[in-house]
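Let me put the model up, and then I'll walk you through a few spots in it.

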Amino acid sequence: RPAGLAPLQAHSEQTYIMVKPDGVQRGLVGEIISRFEKKGFTLKGLQMCICDKAKAEEHYRDLEGKPFFPNLVDYICSGPVVCMVWEGTDVVKAGRNLIGVTNPTDAAPGTIRGDFGVEVGRNLVHGSDSVENGEREISLWFGGTDTVEWEPTMTPWIKELS
Ligand code: IDP
Ligand code: MG
């Protein structure tokens, strides 16, 4: 930056992204990770687990009372999920753009749900809807401990601002 100009701040933040059981069973884990990697985001946490009912209910607590809630909890607990923390500029919003809208029927081609999904109850992947919910979800799934501090050497080729 030229002298005298304050450094500009990029909106670097983290989001919680999860490949749901249908995405794992359909062999789309690599595809989904690849889309976030190629976009230029940084993987800061990665683990696999089988979710229990209590955790699924906590994760989706804002949707408790919806008619589809019991099926949603069963779906999320129906097989292994791949849990990830991704970091980057505006990654919460950009991550949801990569994923596509909730119903795969309406999701644009080029998005994960638009390219691979058919029904709202099998929409392959989760992404946090706000920075605050991202923080809540990361601490729920990662306990705040299992993420990794690192910075890719290519960062200056992805981000003008730091
Ligand atoms: P999002 O995943 O796009 O943020 P939310 O409204 O937060 O969408 O809903 C969480 C999840 O609940 C969805 O991804 C989908 O799996 C499921 N879901 C949402 N609406 C419906 C519905 O109308 N029928 C069945 N499942 C639904
Ligand atoms: Mg949501």
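Let's start with Phe-142: leaving out residues up to four places away in sequence, Phe-142 touches Tyr-16, Gly-45, Leu-46, Gln-47, Cys-83, Met-84, Val-85 and Thr-147. By touching, or contact, I mean heavy atoms within 4.5 Å. Before I go on, this is a predicted model, so to speak of local features we need pLDDT of at least 70, side-chain atom pairs count only at pLDDT 80 or more, and totals for chains, interfaces and linings use all residues. Residues are numbered from 1 along each chain as its sequence is written, chains are lettered from A and ligands numbered from 1 in the order in which they are written, and side-chain values use heavy atoms, with hydrogens and water left out.

Back to Phe-142, which sits in helix α7. Helices here are DSSP runs of H or I with at least four residues, strands are runs of E with at least two, and both are numbered from the N terminus. Is Phe-142 buried or exposed? It's buried, at a relative accessible area of 2%. The cut-offs are under 20% relative accessible area for buried, over 50% for exposed, and partly exposed in between, using a 1.4 Å probe and protein chains only. Phe-142 and Trp-86 are 56 residues apart along the chain, and their C-alpha atoms are separated by 13 Å.

Staying in helix α7, we also find Glu-137. Glu-137 is buried too, with a relative accessible area of 4%. Not counting residues up to four places away in sequence, Glu-137 touches Tyr-16, His-59, His-126 and Ser-128. Then there's Tyr-60: Glu-137 is 77 residues from it in sequence, but 9.6 Å in space, C-alpha to C-alpha.

One more from this helix: Asn-133 is in α7, which covers residues 131-142. Asn-133 is buried at 17% relative accessible area, and leaving aside neighbours within four places in sequence, it contacts Asp-62 and Ser-128.

Now over to α2. Which residues of α2 are buried? They're Ile-32, Ile-33, Ser-34, Arg-35 and Phe-36. Their cover includes β1, β2 (42-49), β3, α5, α6 (112-116) and β4 (125-127).

How do α2 and α5 meet? The axes of α2 (residues 29-39) and α5 (residues 91-99) come within 11 Å and cross at roughly 130°. That makes α2 oblique to α5. For the residues, Arg-35, Phe-36 and Lys-39 in α2 meet Gly-95, Leu-98 and Ile-99 in α5.For those numbers, axes are lines fitted to C-alpha atoms, over the stretch in contact for helices, and angles run from 0 to 180 degrees between N-to-C directions. Under 35 degrees counts as roughly parallel, over 145 as roughly antiparallel, 65 to 115 as roughly perpendicular, and the rest as oblique.

Last stop, the cores. A nonpolar core is a set of buried Ala, Val, Leu, Ile, Met, Phe, Trp, Tyr and Cys residues joined through side-chain atoms within 4.5 Å. The largest one has 18 residues, and those with the most contacts inside it are Ile-17, Ile-32, Phe-36, Phe-41, Met-84, Trp-86 and Val-125. Two or more residues each come from β1 (12-19), α2, β3 (81-89) and α5, and α5 gives the largest share, four residues. There's also a second, separate core of 16 residues, including Tyr-16, Leu-72, Val-73 and Val-85.
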